[in-house]
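Reader: I am new to protein structures and would like to learn how to read one. Could we go through an example together, one step at a time?

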Amino acid sequence: GANAVQRASYYFQGSASTTAKSHPFHGPFADQWQTLDVADPVVYASCANDRLFNINTELRVSVGTSNPALGSFISMDAPDRNPNAHYKFAWKHC
């Protein structure tokens, strides 16, 4: 009955346009997990101004209908305790 969601949103500083991706997980679940987001279409920042590219991540878990005494958790740590977030960017020349 437990569930979790991993969510990320991507946007350039000052832009009203935000791309958000969500990945739900439904219990029972006891394994490693991995998600992949592809921001489509590719959006480039304006060449006229320097803008920061922001990536906001969120990880939530809810006990749902499961027994709270059993505990419910989700982690973004890898088995070796090192985060494994990888980002690939497409660059353009201004």
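Author: Gladly! Let us begin with a term: strands are DSSP runs of E with at least two residues, and they are numbered from the N terminus. Please keep in mind that this is a predicted model.

Reader: Thanks! Which pattern does the protein chain follow when read along the sequence?
Author: Start with what the chain contains: three strands and zero helices. The pattern of the protein chain is β-β-β.

Reader: What percentage of the residues count as buried?
Author: For this we need a cut-off: a residue is buried when its relative accessible area is under 20%. The protein chain has 94 residues, and the share that counts as buried is 12%.

Reader: Let us look at single residues. Is Q6 buried or exposed?
Author: Q6 lies in strand β1. Its contacts, leaving out residues up to four places away in sequence, are K21, S22, H23, F25, W33, T35, E58 and L59. The relative accessibility of Q6 is 5%. With the limit for burial at under 20%, Q6 counts as buried.

Reader: Which residue's side chain does the side chain of Q6 join in a polar contact?
Author: Look along the contacts of Q6, which include W33, T35 and E58. The polar contact spans 3.1 Å between side chains. The partner of Q6 in it is T35.

Reader: H23 was also among the contacts of Q6. With which side chain does the side chain of H23 make a polar contact?
Author: H23 is found in strand β2, and at 18% relative accessibility it counts as buried. Beyond residues up to four places away in sequence, H23 touches A4, V5, Q6, T35, L36 and D37. The polar contact of its side chain is 2.5 Å, and the partner is the side chain of D37.

Reader: Which two residues does the cis peptide bond with omega of about 0° join?
Author: Go to the loop between β2 and β3, where P28 is found. The peptide bond in question has an omega of about 0°, and it joins G27 and P28.

Reader: Now for aromatic rings. What angle lies between the planes of F12 and F53?
Author: The whole structure has two aromatic pairs. One of them is formed by F12 and F53, with 4.9 Å from centre to centre. The pair is tilted, and the angle between the planes is 55°.

Reader: How many residues apart are F12 and F53?
Author: F12 belongs to strand β1, residues 3-12, while F53 is in strand β3. F12 is buried at 18% relative accessible area, whereas F53 is partly exposed at 33%. The pair links distant parts of the chain, and its members are 41 residues apart.

Reader: What is the N to O distance in the salt bridge?
Author: The whole structure has one salt bridge. The side chains of E58 and R60 meet in it. E58 is partly exposed at 30% relative accessibility, and R60 is partly exposed at 47%. From N to O, the distance is 2.3 Å.

Reader: Which residues does the disulfide join?
Author: A disulfide is a covalent bond between the sulfur atoms of two cysteines. The structure holds one disulfide. Its S to S distance is 2.0 Å, and it joins C47 to C94.

Reader: Why is this disulfide left-handed?
Author: The hand follows from the torsion about the S-S bond of C47 and C94. The disulfide is left-handed because this torsion is about -75°.

Reader: How many residues apart in sequence are the parts that the pair ties together?
Author: C47 lies in the loop between β2 (19-26) and β3 (53-62), and C94 lies in the segment after β3. C47 is partly exposed at 43% relative accessible area, and C94 counts as exposed at 60% relative accessibility. The parts that the pair ties together are 47 residues apart.

Definitions and conventions: Residues numbered from 1 in each chain as written. Predicted model: local features only at pLDDT ≥ 70, side-chain atom pairs only at ≥ 80, totals over all residues. Heavy atoms only, no water. Disulfide = S-S within 2.5 Å. Helix = DSSP H or I, 4+ residues; strand = E, 2+ residues; numbered from the N terminus. Buried < 20%, exposed > 50% of the residue type's maximum accessible area, 1.4 Å probe, protein only. Phe/Tyr/Trp six-rings, centres within 6.5 Å; stacked < 30°, edge-to-face > 60°. Salt bridge = Lys/Arg side-chain N within 4 Å of Asp/Glu carboxyl O. Polar contact = N/O pair within 3.5 Å; in protein donor to acceptor, adjacent residues only side chain to side chain. Contact = heavy atoms within 4.5 Å.
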